[in-house]
Amino acid sequence: MGLTVYFDGKYVPQEEAKVSVFDHGLLYGDGIFEGIRAYHGRVFKLKAHLDRLYDSAKVIQLDIGLTIEEMEEVVLETCRKNNLKDAYIRLVVTRGPGDLGLDPRKCKKSLVFCIAAGIQLYPEELYEKGLEIITVPTRRNVAEALNPRIKSLNYLNNIMAKIEAGLHGVPEALMLNQEGYVAEATGDNVFIVKGNKLITPPKHVGILEGITRNTVMDLARDMEVGVKEELFTRYDVYTADECFLTGTAAEIIPVVKVDGRTIGNGEPGETTNKLITSFRELTKVDGPEI
Ligand code: PXG
């Protein structure tokens with residue numbers, strides 16, 4: 001490996017990038033992050049990721065200590081230092097070291113680190129055959145408790161859902177919100193296709209407003225496919241023509257079975273496949289050059 005990591009203001013060998021046991025990111029999950037990808041020497045949708053990071057910071061009253069322009073340079077420089085053109089980038093901001101109480105005022109300075117690593121691609125077979133998923137009992141966090149729009153270091157809600165999916169032998173979980181409407185998967189947003197229309201849950205109902213989600217909606221509009229953000233239930237998923245998940249890691253991944261019900265004809269749909277093609281084209285040209 002031997003990566004160079006941006007850690008607390010410096011670029012250091014990965015062995016030297018060590019977080020204190022008193023850091024509130026570790027003790028309480030008090031912090032935020034972004035998962036970003038670079039393709040073909042450009043950081044895809046970097047501005048959108050940084051905007052979301054700074055919005056998350058504002059909501060949890062976390063002073064990042066760097067301007068958004070400085071943070072952009074941190075991301076690009078971390079890629080440069082590691083000679084990466086295609087990368088998975090993890091940008092993390094914690095409340096920083098404090099004492100053993102949860103009071104964030106005891107943390108004098110936030111900690112920023114950025115890792116850029118080679119990317120572990122999902123097997124191409126998953127895109128050709130599609131995924132089987134199930135709905136799990138664990139509901140997505142209620143927005144009034146911990147708003148899922150904050151990309152926080154508290155991922156236990158999603159991890160429990162992932163465990164439940166694993167217990168049933170499938171790789172991903174469909175999570176419902178408190179009212180029983182479809183929310184999202186554990187690290188991906190969800191879309192269904194009905195006729196010439198995409199439907200995805202609105203951003204205020206207990207989901208992360210995914211950057212891949214927003215990109216896919218833009219691509220669909222360009223392709224003259226209708227786009228609707230509205231609540232729907234599992235009934236609508238089972239009876240949809242197509243279903244897919246979107247996220248930085250998975251990009252656009254077709255779903256062909258949900259809770260034992262075959263979606264459409266059981267193969268990745270035409271609209272899904274067209275979106276995958278145009279998404280891959282966009283990754284060649286979008287974002288600042290490294
Ligand atoms: N929902 C949740 C709960 C997520 O965590 C998405 C949707 C998709 O958002 P983006 O902006 O990526 O389209 C996410 C993103 C990881 C990893 O290492 C997780 C995410 C992104 C990148 C990497 O597990 N989650």
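This is a predicted model: local features need pLDDT of at least 70, side-chain atom pairs count only at pLDDT 80 or more; totals for chains, interfaces and linings use all residues.
In total, 20 residues surround the ligand, a residue being counted when one of its heavy atoms lies within 4 Å, and the closest are Arg90, Tyr155, Glu184, Thr212 and Thr248. At least two residues of the shell come from each of β5 (87-94), α6 (211-222) and β13 (242-247).

An N or O atom in the side chain of Thr248 lies 2.5 Å from a ligand oxygen atom, a polar side-chain atom of Tyr88 is 3.2 Å from an oxygen atom of the ligand, and the side chain of Lys151 places an N or O atom 3.1 Å from a ligand nitrogen atom. Of the 540 Å² of accessible area that the ligand has on its own, the protein covers 86%, as computed by the Shrake-Rupley method with a 1.4 Å probe.

Residues are numbered from 1 along each chain as its sequence is written. Local features need pLDDT of at least 70 and side-chain atom pairs count only at pLDDT 80 or more, whereas totals for chains, interfaces and linings use all residues, and side-chain values use heavy atoms, with hydrogens and water left out.

Methods. A polar contact is a pair of N or O atoms within 3.5 Å; within protein, one must be able to donate a hydrogen and the other to accept it, and residues adjacent in sequence count only if both atoms are side-chain atoms. Helices (H or I, at least four residues) and strands (E, at least two) are DSSP runs, numbered from the N terminus.
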